[in-house]
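Subject: Structure handover

Hello,

Here is the structure I said I would pass on. Please open it first, then read the notes below.

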Amino acid sequence: MKQDDGLAPSFWQMVGSTMLSFLGVSKESRRRRDFQYGNPKVFIVTGFILALLFIFAVLGVVKMVLPS
């Protein structure tokens, strides 16, 4: 996959960048591109959704592990 550092990232590239950052693995070039050209609203909303999904996943695992 080709990285276009001089162009604004697409919506899905911003979502992917947020997911990678959520996991703590991201390239410096991607981070620079996102800060320079990315839309902060997309990063904030995606981060919020990922945080909620993580919380629900943890709650689901806890409910499965603990006896009723």
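I start with T46, which is buried, with a relative accessible area of 11%; buried means under 20% relative accessible area, exposed over 50%, and partly exposed in between, computed with a 1.4 Å probe on protein chains only. T46 lies in helix α3. Helices are DSSP runs of H or I with at least four residues, strands are runs of E with at least two, and both are numbered from the N terminus. Leaving aside neighbours within four places in sequence, T46 is in contact with V15 and T18, where contact means heavy atoms within 4.5 Å.

Before going on, some notes on the source. This is a predicted model, in which local features need pLDDT of at least 70, side-chain atom pairs count only at pLDDT 80 or more, and totals for chains, interfaces and linings use all residues. Residues are numbered from 1 along each chain as its sequence is written, and side-chain values use heavy atoms, with hydrogens and water left out.

Helix α3

What span should the 26 residues of α3 have, at 1.5 Å a residue? The expected span is 1.5 Å times one less than the number of residues, so α3 should span 38 Å, and this agrees with the 37 Å between its end C-alpha atoms.

V42, T46 and L50 are buried in α3. An α-helix has 3.6 residues a turn, so residues three or four places apart point the same way. The buried residues of α3 pack against α1.

V42, in helix α3, has a relative accessible area of 14% and so is buried. V42 touches F11 and M14, not counting residues up to four places away in sequence. The C-alpha atoms of V42 and M14 are 7.0 Å apart, although 28 residues separate the two along the chain.

L53 is also placed in α3, but L53 is exposed, with a relative accessible area of 52%. Its C-alpha atom is 20 Å from that of S26, 27 residues away along the chain.

Helix α1 and the segment before it

Apart from neighbours within four places in sequence, T18 is in contact with F43, T46, G47 and L50.

L7 sits in the segment before α1. Beyond its neighbours within four places in sequence, L7 is in contact with R33 and Y37.

The largest pocket

Rolling a probe the size of a water molecule over the atoms shows where empty space is left. On a 1 Å grid over the protein atoms alone, a pocket is an open set of points where a 1.4 Å probe fits, with protein on both sides within 12 Å along at least five of seven lines; lining residues have an atom within 4 Å of a point.

The largest pocket holds about 160 Å³ of space. Its lining is made up of S17, T18, S21, S26, R31, D34, F35, G38, P40 and F43. At least two lining residues come from each of α1 (11–23), α2 (28–37) and α3 (40–65).

The record

The unreviewed UniProt entry annotates residues 6–23 and 43–66 as "transmembrane region"; such annotations may be inferred rather than shown by experiment. In this model, residues 43–66 are 96% helix and 0% strand, with end C-alpha atoms 34 Å apart.

Regards

Methods:
Points joined across faces, edges and corners; volume = space filled by probe spheres on them.
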